[in-house]
Amino acid sequence: DAGEGGDAGRCDRAPADFVSPNDGTVGVDNAMQQVVGTIDGLLGVGQTYAGQLAARIAAGDLLLGIELRGTDPVGAALVVLAPSDPIALGADGRLAPGQRFEVVERLGDGAGALGEDGRARVALGDLRRPLDELAPAIEPTDPADLWPAPFREVELRFDEGVAGLTGGELGALVTVDEMVGGMSPLTTPGVGHPREVLEDLADLRPSAADPTVCAAISLGFAFEAVPASFE
């Protein structure tokens, strides 16, 4: 983030700052949230993007873990998991704590520290591949076409306690070039060229030739994590 918003002369200063609902941090931008309503509208009656993600987690099809080591400094890795036993859900329909999972892929690894508020902040850098598991399922589009770019400059923020990780936030960016380069021309029928759509969203890395055009899009996910054992 580069400003408080309202500066039409620079694409990274034009949007209003997003304020974290967890710790009040200003400037944790999430330009991608602007398209969530559009995605929900494409999914059909009664479906939402958040609902799709929750259903995948409950089914064991979308299992991401945060492997922690140390306290201050804090080390963390973002990993893809597979259940070692049948998935167990709590009364709220979410993953029950205390389960065992196998680590099948390591996506990113980094280190950080505890802030004055006790929240951990960990920089993971660039993930090793696109997280197309998070792409919405919009028929007949291949999810890999909707999320072809890897998350870059990834940062995690969370509170750690006996109940697991709470108030979690994953912030990152994706570049317009990498998104467009991996998209099918059929990804946005009737909406316009993917580059035009994405540049309208872009809010990071202003172009030297035209500072009103940005080359990257900020995004963020809120999360909570229950305690689990990784093998």
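Tutor: The protein chain exposes about 11800 Å², of which carbon and sulfur atoms supply 55%; accessible areas come from the Shrake-Rupley method with a 1.4 Å probe, and for residues only the protein chains shown count as cover. This is a predicted model, in which local features need pLDDT of at least 70 and side-chain atom pairs count only at pLDDT 80 or more, while totals for chains, interfaces and linings use all residues. Residues are numbered from 1 along each chain as its sequence is written, and side-chain values use heavy atoms, with hydrogens and water left out.

Student: How many helices and strands does the protein chain have?

Tutor: The protein chain has 5 helices and 9 strands, where helices (H or I, at least four residues) and strands (E, at least two) are DSSP runs numbered from the N terminus. Read from the N terminus, the order is α-α-β-β-β-β-α-β-β-α-α-β-β-β.

Student: Why is the protein chain called as compact as a globular protein of that length?

Tutor: The globule rule is 2.2 Å times the number of residues to the power 0.38, and the radius of gyration is taken over C-alpha atoms. For 231 residues the rule gives 17 Å, and the radius of gyration of the protein chain is 18 Å, close to that value, so the chain is as compact as a globular protein of that length. The C-alpha trace spans about 50 × 45 × 30 Å along its principal axes. Contact means heavy atoms within 4.5 Å; among contacts between residues at least 6 apart in sequence, 57% join residues at least 24 apart.

Student: What makes Cys11 and Cys214 a disulfide?

Tutor: A disulfide is a pair of cysteine sulfur atoms within 2.5 Å. The S to S distance from Cys11 to Cys214 is 1.9 Å, and a search of the whole structure finds 1 disulfide. The pair links distant parts of the chain, 203 residues apart: Cys11 lies in the segment before α1 (36-42) and Cys214 in strand β8 (residues 214-225).

Student: How do you know the handedness of the disulfide of Cys11 and Cys214?

Tutor: The torsion about the S-S bond is about 90°, so the disulfide is right-handed.

Student: Are Cys11 and Cys214 buried or exposed?

Tutor: Buried means under 20% relative accessible area, exposed over 50%, and partly exposed in between (1.4 Å probe, protein chains only). Cys11 has 7% relative accessibility and therefore counts as buried; Cys214, at 3%, is buried as well. Of the 231 residues of the protein chain, 39% count as buried.

Student: Which side chain does Asp12 join in a polar contact?

Tutor: A polar contact is a pair of N or O atoms within 3.5 Å; within protein, one must be able to donate a hydrogen and the other to accept it, and residues adjacent in sequence count only if both atoms are side-chain atoms. The side chains of Asp12 and Arg10 are joined by a polar contact of 2.6 Å. Asp12, in the segment before α1, is buried because its relative accessibility is 6%.

Student: Why is Arg119 called buried?

Tutor: Its relative accessibility is 3%, so Arg119 counts as buried. Arg119 sits in the loop between β3 (99-114) and β4, and its side chain reaches the backbone oxygen of Gly167 at 3.0 Å. Beyond neighbours within four places in sequence, its contacts include Asn22, Asp23, Arg157, Asp159 and Glu169.

Student: What makes up the largest nonpolar core, and which members touch the most others?

Tutor: A nonpolar core is a set of buried Ala, Val, Leu, Ile, Met, Phe, Trp, Tyr and Cys residues joined through side-chain atoms within 4.5 Å. The largest such core has 44 residues, of which Phe151, Leu156, Phe158, Leu170, Val174 and Ile217 touch the most other members. Elements supplying at least two residues each include α2 (49-59), β5 (152-161), β6 (164-175) and β8. Apart from this core lies another, of 5 residues, among them Leu63, Ala77, Leu81 and Phe101.
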